[in-house]
Amino acid sequence: MSKIVQQDILQQLQQLQRVAQTALAQANTTEATREWYSEYLSRKGRLTSILRNLGSLSAEERPLVGKVANEVKAVLENALQERQTSIAQAELEAVRRAESVDVTLPGRPQNLGKLHITTRVLRDIYAIFTAMGFQIYDSPEVETDEYNFQLLNIPPGHPARDMWDTFYTTTPGLILRTHTSPGQIHAMREYAPEPIRVILPGKCYRYEAVDASHESMFYQVEGLAIGKHITFSDLKGVLINFANQMYGEGRKARFRKSYFPFTEPSVEMDIECVLCGGKGCPVCKYSGWLEMLGAGMVHPRVLQNGGYDPTEFSGFAFGMGPDRIALQKYGIDDIRYFFTNDARLFERV
Ligand SMILES: [Zn+2]
């Protein structure tokens, strides 16, 4: 009787091992292996419940059954450990694959920035004038009233000062420059009595009511050439050459008489409208012409203030607005876009 019970339990153990191994092979996740453990090997599991019958065996029968039960338990525990290791590896591999970079995919294009339109125009201006032998001369943005006005033939009370209302610092007589022209005096005083050819680029400030074509901060590029035989023809030659390179060969230019306190005679230079080719459009106000710059022969008093003898030396000067050139060249209708940080402005150039 008890022999049959022993055989029975041994059979049950072998069957349990087979069933458990089959079930383990189908457990594909860590969670499923935990459930499997609880079903077969835990204290409430199927192996324990078989061993509960050990009590019905004789003292001689128990060791064999106990030995077999321990073997089954060891086999199943080893199998569980192997299974868990391989599932953990597979799960890790799946995560790695999901997060991995596919090097065969085409790259995403980088969104590159662009230079500001004014910067590009400034660089074009530098390139054209340096090719004609002009140096780039840097001068301060904070100036004295003397440099900004008086040495340029604009004494206190001169009516021309009305055109140059500016910002004052808390130090009396110290202002934000209204034009790059004070740089002329700095350059002359540095080089006199040597001949000079310089351009003076930089920011200028005016107390302006801001609108589509006026900002309180803007760029200017001043030019100055001084030597012993410089004439108005040199001025025209240099500026027409500049206009041809900036706007394209053969574009018509014209000079109109004008007035600046620091040049005599003074002119304004216009070029044929770049947008309508001279036919007339809203940008050129239907005149066919665009104002490009102001220029003239350096006033003898300014030459003298710079350290040159006006009976021996002559020179010409000019000043242009790169912001305005950029507006014209790229057909932009409002200077305020230049400071609004809207990158779409640069898409069109
Ligand atoms: Zn036009």
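Which residue in β4 does Q135 stand opposite? Hold that thought for a moment, everyone, and keep in mind that we are looking at a predicted model.

Let's start with the sheet. Seven strands make up an open sheet with mixed pairing, and their order is β1-β4-β5-β9-β8-β7-β6. At the edges stand β1, residues 135–136, and β6, residues 253–260. Each of these two has a single partner strand, so one side of each is left without a neighbour in the sheet.

Now back to my opening question. The partner of β1 is β4, residues 196–205, and the two pair in the parallel sense over two bridges. Within that pairing, Q135 stands opposite V198.

Next, the helices. Helix α8, residues 232–247, lies across β6, β7, β8 and β9. If you follow its direction against β8, you get an angle of about 150°. Helix α10, residues 322–330, lies across β5, β8 and β9, and runs at about 110° to β5.

And now the metal. What coordinates the zinc ion? Four SG atoms do, from C273, C276, C281 and C284, at 2.2 to 2.3 Å. In the sequence, you can find these donor residues by their spacing, C-x2-C-x4-C-x2-C. The angles among the four donor atoms are 103 to 116°, and the site is tetrahedral. For comparison, the ideal angle for four tetrahedral donors is 109.5 degrees.

One last thing: are C276 and C284 buried or exposed? C276 has a relative accessibility of 13%, so it counts as buried, the cut-off being under 20%. C284 is buried too, with a relative accessible area of 3%.

Terms used
Residues are numbered from 1 along each chain as its sequence is written. This is a predicted model: local features need pLDDT of at least 70, side-chain atom pairs count only at pLDDT 80 or more; totals for chains, interfaces and linings use all residues. Side-chain values use heavy atoms; hydrogens and water are left out. Two strands pair if DSSP finds at least two bridges between them. Helices (H or I, at least four residues) and strands (E, at least two) are DSSP runs, numbered from the N terminus. Contact means heavy atoms within 4.5 Å. Axes are lines fitted to C-alpha atoms, for helices over the stretch in contact, and angles run from 0 to 180 degrees between N-to-C directions. Donors are N, O and S atoms within 2.8 Å of the metal (3.2 Å for Na, K and Ca); water is not among the atoms, so sites may look incomplete. Four donors count as tetrahedral if all angles lie between 85 and 135 degrees; four count as square planar and six as octahedral if opposite donors are over 155 degrees apart and all others between 65 and 115; anything else is irregular. Buried means under 20% relative accessible area, exposed over 50%, partly exposed in between (1.4 Å probe, protein chains only).
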